[in-house]
Amino acid sequence: MSATGAKHTPFSLIGGDVTINGNLSASVDLHVDGAIEGDISCASLVQGPDSRITGHVTAQSARLAGLVDGSITAQELVVESSARITGDISYASISIEAGSRIEGRFTHRDKDAPTADLKLIANDSAD
């Protein structure tokens, strides 16, 4: 039984005053207004414009409006005008609003193709 009394909560909310350090996995839809430093895996992700995600995002659908520093794998991706993304993106369908900023590579994949995790690896060694 959840705090609200519901047996099956349809979504989870990470409030603007919450910071999570670690990976996050949800079997339901996830709404993030806070800061997450770690990988996220969920059915559907909605990111608020003032939120920050540092890590890999995997979701069936994602609507991003804040800062994402990491790679994204989503079947259906919507990037809102306030979004700032640094990382590679793998998608089946994508919509990008004017004003958003994205630095990374885009890879289109078929909806029927198996999901493969995509990681952004930084090389800190000096050559």
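This note walks through the core, strand pairing, surface patch and salt bridges of a predicted model.

1. **The core.** Start inside. The largest nonpolar core has 23 residues. Those with the most contacts inside it are Leu30, Leu45, Leu64, Ile72 and Leu77. E4 (29-32), E6 (40-47), E8 (57-64), E10 (72-79) and E12 (89-96) each supply at least two of its residues.

2. **Ile72 as an example.** Which residues does Ile72 touch, leaving aside its neighbours within four places in sequence? Ile72 is in contact with His56, Val57, Leu64, Leu77, Ile85, Asp88, Ile89 and Ser90. Another, Asp88, returns in point 8, where it takes part in a salt bridge.

3. **The two faces of E4.** Look at strand E4 side-on. Leu30 and Val32 are on its covered face. Asp29 and His31 are on the uncovered one. Why this pattern? In a regular strand the side chains alternate between the two faces of the sheet.

4. **The partners of E4.** Strand E1 (residues 11-14) pairs with E4 in the parallel sense, over four bridges. In this pairing, Leu13 stands opposite His31. E4 also pairs with E6, again in the parallel sense, over three bridges. Here Val32 of the covered face stands opposite Gln47 in E6.

5. Ile94, Ile96 and Phe106 make a nonpolar surface patch of about 240 Å². Take Ile96, which lies in strand E12.

6. **Salt bridge one: Glu37 and Arg52.** How many salt bridges does the structure hold? There are three. One of them joins Glu37 to Arg52, with the closest N and O atoms 3.4 Å apart. Glu37 lies in strand E5 (residues 35-37) and Arg52 in strand E7 (residues 52-54), so this pair ties together parts that are 15 residues apart in sequence. Both partners are partly exposed. The relative accessible area is 39% for Glu37 and 33% for Arg52.

7. **Salt bridge two: Arg63 and Glu80.** In this pair the closest N and O atoms are 3.1 Å apart. Distant parts of the chain are linked: Arg63 is in strand E8, and Glu80 is in the loop between E10 and strand E11 (84-86), 17 residues apart. Arg63 is partly exposed, at 35% relative accessible area. Glu80 is partly exposed as well, at 22%.

8. Arg105 lies in the loop between strand E13 (101-103) and strand E14 (106-108), and Asp88 in the loop between E11 and E12, so the pair ties together parts that are 17 residues apart in sequence. Now check each partner. Arg105 is exposed, with a relative accessible area of 60%. Asp88 counts as buried, because its relative accessibility is 11% and the cut-off for buried is under 20%. Asp88 is also one of the contacts of Ile72.

Conventions. Residues numbered from 1 in each chain as written. Predicted model: local features only at pLDDT ≥ 70, side-chain atom pairs only at ≥ 80, totals over all residues. Heavy atoms only, no water. Core = buried A, V, L, I, M, F, W, Y, C linked by side-chain atoms within 4.5 Å. Buried < 20%, exposed > 50% of the residue type's maximum accessible area, 1.4 Å probe, protein only. Contact = heavy atoms within 4.5 Å. Patch = residues over 30% accessible without salt bridge, like charges linked within 9 Å, V, L, I, M, F, W, Y side chains within 5 Å. Areas by Shrake-Rupley, 256 points an atom, 1.4 Å probe, with all protein chains shown as cover. Salt bridge = Lys/Arg side-chain N within 4 Å of Asp/Glu carboxyl O. Pairing = 2+ DSSP bridges.
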